[in-house]
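The paragraphs below go through a structure part by part, from overall dimensions to local backbone geometry. Please keep the sequence and the coordinates at hand while reading.

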Amino acid sequence: MENTCANSTQLENERIATLTPGNQAGVRVVRRHHLLVRCSHWLNVPILLSLILSGVSIYWASPVYQHKPDPQTGSFDPLADIGVWICAHVPGLHQYSSPPDWVYNHISLGPGMLAAALRLHWLCAYLFMLNGLVFIIGLVMGGGWRSLLPRRTDLHDATRMFWYYIGVPFAKLTRRVWLHPRFNTKYNALQRLAYFSVPVAALLSILTGWAIHKPMQLHWLTATFGGYDKARIWHFWLMFVFILFVVPHVVLVLADGWDTLRSMIVGWSTRADRSADFSQ
Amino acid sequence: MNLEDEHTAPEADDTSSTEPVSPQKPASFFQEQPPEVMEVAPQLLRRWTRRDLLLFGAGAIAAVAVAGSLLPQTTLKRLGIIQGNKNWPKKEWLLNRALRIDDDVAEALYSRNRLVPTYTKSQITPLKNNYNGATPNPNYIPEWRLTLDGLASGLSVSLNIRNLLASFRVHEQITRLVCVEGWSAIAWWAGVRFDDLLRAYPPISQAKWARIESSVNLGPWGNPDPYFMSLDLSTARHPQTLLATHLNGKPLTVEHGAPLRLLVPVKLGLKNVKAITRITYTAEEPKDYWAERGYSYYDGI
């Protein structure tokens, strides 16, 4: 593997320099993520968070999903209704000043912030596209793209991994042996499925974003998503792909331990042979 | 995978060659390659890790600070992060810069020869009046006149609706109007081409912009709420940019900007000024009602 990481030869020289004289016991590490992939990974945290917060604020200006105005609250927006319900049923929130705004006050920049939200959304959308380029360059330079490609057996293996993850907490509680499915690739099939789908969702978010941002100049793009109103719905639901990915992603990384989290910061892992971890 | 072989091979060769041993060629270009394994001294590893984690921590703090400060003041106040008016001066500059870049992209995408999609009468959807002010008193309509300023002749021209309809050909189109809020409506419009008006009354040669205003607009309490908007002349010359007089086959109602409104489907709805009373051609970009309120300037879609 031609590793083009700038300090690769330097690392190699340092390794030889430190290993040959003392002949100390070395630690075996394995390269995991290219520097550019790591940078783009962490930059996605503030960028995606800002895109979601500002995106929900933009949605507030004209909700896609509307019903007949409620005679009591005047609300026509299911998200506002959820806020009303939360304020009525959650202890401590009964005194909340504007229940229809509860959801928007907590998962967006706030209601009535369309201009501010659009500015932030455009800024972060351009940063998100640039960051996507950084990610792709990192994948190509580090050769990591090969580990993300789906395999023929992935659907079957991903199902096994899914049931493994579901079963882990119960196995721990009942102190039963619960074997991790074996694999000898960088990622297991479920990870691969997730890490492949998220860039695809990002690409679709960018395309649907352009489709609703420039529905006249790029009307051919808008038409591929079924027209302006349908492209808005696509763009809205693609947001949930990121949310549905991030939650288990963070939970599983924390559960997997420090080495996995550290590898996204420093680029290498001390778990050199993954299949050995799960052979017992 | 032959992790073991790969790991032992370079150690054996250590003295003879400093070149890292390249792993075996994979069977296919698309096939995952075995990971690159290396052996490092524990102290060195600890030093790298410490350095990388410190750098990461510094980067994370910087990212949180920058991203947090970009949030609107209202949001930060609601979250209790700031009290009172604390605005970072560069923040507005940065967000404005992003807005201008997006405007430049929109301008680069625009072409006078690219027509917007048109629809059939069966695809027409209801069009709401999105102005939350008072509907103007229709008394202005009989005395309504359109004033043109900044003309090459140096004169000021005043036209009434009959002059306009008599001097120019009426065009019809069924196009989509897209609001900055996200909703859209397909409507059947008729009116004269802005381009024809520009040919009949040419602007000063340096003119690049038109300031389009409505002085009859009334605010939520019936107060005068003059509306003014900037339009680049390239967009004004687009064949689908109309000075509309009819909506869905009937003369415009007061809610939709009687007797003459701008219909510019390549721009957001907020550029489609209702009840236009004056058009002024200028060399410099004129002020814009919504740009003053934090929205973008060009608004090309």
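Of the 301 residues in chain B, 29% are buried. The C-alpha trace of chain B spans about 100 × 55 × 40 Å along its principal axes. Chain B contains seven helices and eleven strands. Counting contacts in chain B between residues at least 6 apart in sequence, 68% join residues at least 24 apart.

Part of the strand content of chain B forms an open sheet of five strands, with the order 3-2-11-6-7 and mixed pairing. Strand 3 (157-159) and strand 7 (227-232) of chain B are at the edges; each has a single partner strand, so one side of each is left without a neighbour in the sheet. From one strand to the next, the twist averages 20 degrees. Within this sheet, strand 6 (residues 209-214) of chain B pairs with strand 7 of chain B in the antiparallel sense, over six bridges. Ala210(B) has Leu231(B), in strand 7 of chain B, as its bridge partner. As a rule, strands of a sheet pair through backbone hydrogen bonds, either parallel or antiparallel.

A further set of pairings involves strand 5 (residues 184-193) of chain B, where eight of the ten residues are buried. Strand 4 of chain B pairs with strand 5 of chain B in the antiparallel sense over nine bridges, and Arg176(B) has Ile186(B) in strand 5 of chain B as its bridge partner. The hairpin of strand 4 and strand 5 of chain B has five residues between the strands, and in this hairpin Gly182(B) takes a positive phi near 120 degrees. Strand 5 of chain B is also joined to strand 8 of chain B, by five bridges, and these two strands run antiparallel. Here Val192(B) has Leu243(B), in strand 8 of chain B, as its bridge partner.

Asn248(B) lies in the loop between strand 8 (242-247) and strand 9 of chain B. The loop between strand 9 (250-251) and strand 10 (261-263) of chain B holds Pro259(B). The peptide bond from Ala258(B) to Pro259(B) is cis, with omega near -5 degrees. In the segment after strand 11 (278-282) of chain B lies Asp299(B). Asp299(B), not a glycine, has a positive phi of about 60 degrees. Is Asp299(B) buried or exposed? Asp299(B) counts as buried because it has 25 C-beta neighbours inside 10 Å. For background, most residues other than glycine have a negative phi, and most peptide bonds are trans.

The next topic is the contact between the two chains. On the side of chain B, 57 residues are in contact with 54 residues of chain A. Helix 1 (3-13), strand 1 (37-40), helix 2 (42-69), helix 3 (73-78), helix 4 (89-109) and strand 4 (170-178) of chain B each supply at least two residues of the side that touches chain A. Helix 2 of chain B gives the most to that side, with ten residues.

In chain A, helix 5 (residues 114-142) has 29 residues and reaches 41 Å from its first C-alpha to its last, close to the 42 Å expected at 1.5 Å a residue. Just after helix 5 of chain A, Gly143(A) takes a positive phi of about 70 degrees.

The average pLDDT of chain A is 87, and 89% of the residues score at least 70. Confidence in chain A is highest in helix 9 (residues 219-224), at a mean of 97, and lowest in helix 1 (residues 8-19), at 48. Over residues 1-9 of chain A the pLDDT is below 50, and this stretch has ten contacts in the model beyond near neighbours in sequence. Residues 275-280 of chain A also have a pLDDT below 50, with six contacts beyond near neighbours in sequence. Where pLDDT is low, the predicted coordinates should not be read in detail.

Note on methods: Residues numbered from 1 in each chain as written. Chains lettered and ligands numbered in written order. Predicted model: local features only at pLDDT ≥ 70, side-chain atom pairs only at ≥ 80, totals over all residues. Helix = DSSP H or I, 4+ residues; strand = E, 2+ residues; numbered from the N terminus. Buried ≥ 20, exposed ≤ 12 C-beta atoms within 10 Å, placed from the backbone. pLDDT = per-residue confidence, 0-100. Contact = placed C-beta atoms within 7 Å. Expected span 1.5 Å × (residues − 1). Pairing = 2+ DSSP bridges. Axes fitted to C-alpha atoms, helices over the stretch in contact; angles between N-to-C directions.
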